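Please look through the sequence and the structure shown below before reading on.

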Amino acid sequence: MIYFIGAGPGAKDLITVRGAQVLGTVDCIIYAGSLVNAELLEYAKASCEIYDSASMTLEEVVEAMCKTEALGLDTARLHTGDPSLYGAIQEQIDILREKGIAFQIIPGVSAFSAAAAALEAEYTLPGISQSLILTRTAGRTPVPEKEGISAFASHQTSMALFLSAGMLDKLSEELLEGGYPPETPAAIVYKASWPDEKAVRTTLAGLAAEGRANNIGSTAMVLVGAFLDSDYQRSKLYDPSFSHGFRQGTGQAADAQGTGQAADAQGTGQAADAQGDVASSAT
Ligand code: SAH
């Protein structure tokens, strides 16, 4: 069995319980040494064979997996953050499927979550932004034309950018071009959850200069949007007057957003909606 495991953003205890347990049982670990904290290898049993994939090709990675598999043993492929984001797992999965080798994926805490935690921020503030764009600037890996930074910037919602800290001049230019005002709050979070984590708050206009001043060029998330510094409206979900499947509200006013939803809150339509909120916040 091959386990693709999200290592989390860096701190040894930000891997999931399941991920750590599996790391303790496998016979081989292939980890992305350029970004994964080597302390996570302390979860491995003493006899575990360890490869750093930083200097390996896809073929070499698969060869190591197959060698372990042929002995009837298990491999963990340890990727930084959550493997579904810029993890290059699909190409490994396709080869494993072709070879008939079983695999499982164990998700992880992504860097975008760790960066928000470092800044004590919430991406989705009522009345400010209810969406988060996860993206990157084009580097050696091209980005589809329709996904250009300036196209996304036109939404002026919350944005979290991976793999872009080395191109802050180009990035801020494109964000401004797309429509964010220069005074839009922005932040750079370097090595979120590591001992040398650094979180810098600035504006879009100051982004590139702050990156230079703090000597940040890689292993950083760039966050942009009014969520970083805004007057927002409190949530419907925890508003005393708002009813939902798990709580009867007072049913008064509550139309803080002026949307006319308060009246609905006593009826059925809104309750169903609120249950959705409750369900999603409970998971
Ligand atoms: N799968 C990973 C992302 C891999 S791409 C995830 O879900 O987090 C690598 C990029 O992730 C880096 O260039 C950087 O932008 C970001 N990154 C990874 N770990 C980070 C950390 N601890 N702090 C800030 N950014 C990080």
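## The chain as a whole

What percentage of the contacts in the chain with a separation of 6 or more is accounted for by residues 24 or more positions apart? The share is 68%, where two residues are in contact if their C-beta atoms, placed from the backbone, lie within 7 Å.

This is a predicted model, in which local features need pLDDT of at least 70 and side-chain atom pairs count only at pLDDT 80 or more, while totals for chains, interfaces and linings use all residues. Residues are numbered from 1 along each chain as its sequence is written.

The chain has nine helices and ten strands, which are DSSP runs numbered from the N terminus (helices are H or I with at least four residues, strands are E with at least two). Of its 283 residues, 37% count as buried; a residue is buried if 20 or more other C-beta atoms, placed from the backbone, lie within 10 Å of its own.

## Around the ligand

The ligand is surrounded by 25 residues, of which the closest are Gly 81, Tyr 86, Ser 110, Ala 111 and Ala 192; a residue is near the ligand if its C-beta atom, placed from the backbone, lies within 6 Å of it. Helix H4 (111-118) and strand E10 (220-224) are the elements that give two or more residues to this shell, and the largest share, three residues, comes from H4.

Domain 1 (2-109) and domain 2 (112-228) each supply at least three residues to the shell, with bounds that come from an automatic or database domain assignment. By class, the shell has 14 nonpolar, nine polar and two charged residues, where Ala, Val, Leu, Ile, Met, Phe, Trp, Tyr, Cys and Pro count as nonpolar, Asp, Glu, Lys and Arg as charged, and the others, Gly among them, as polar.

Seven of the eight residues of H4 are buried, among them Ala 111, Phe 112 and Ser 113. The buried residues of H4 pack against strands E6 (132-136), E7 (158-162), E8 (185-190) and E9 (198-203), and also against E10.

Terms used:
A residue is buried if 20 or more other C-beta atoms lie within 10 Å of its own, exposed if 12 or fewer, and partly exposed in between; C-beta atoms are placed from the backbone.
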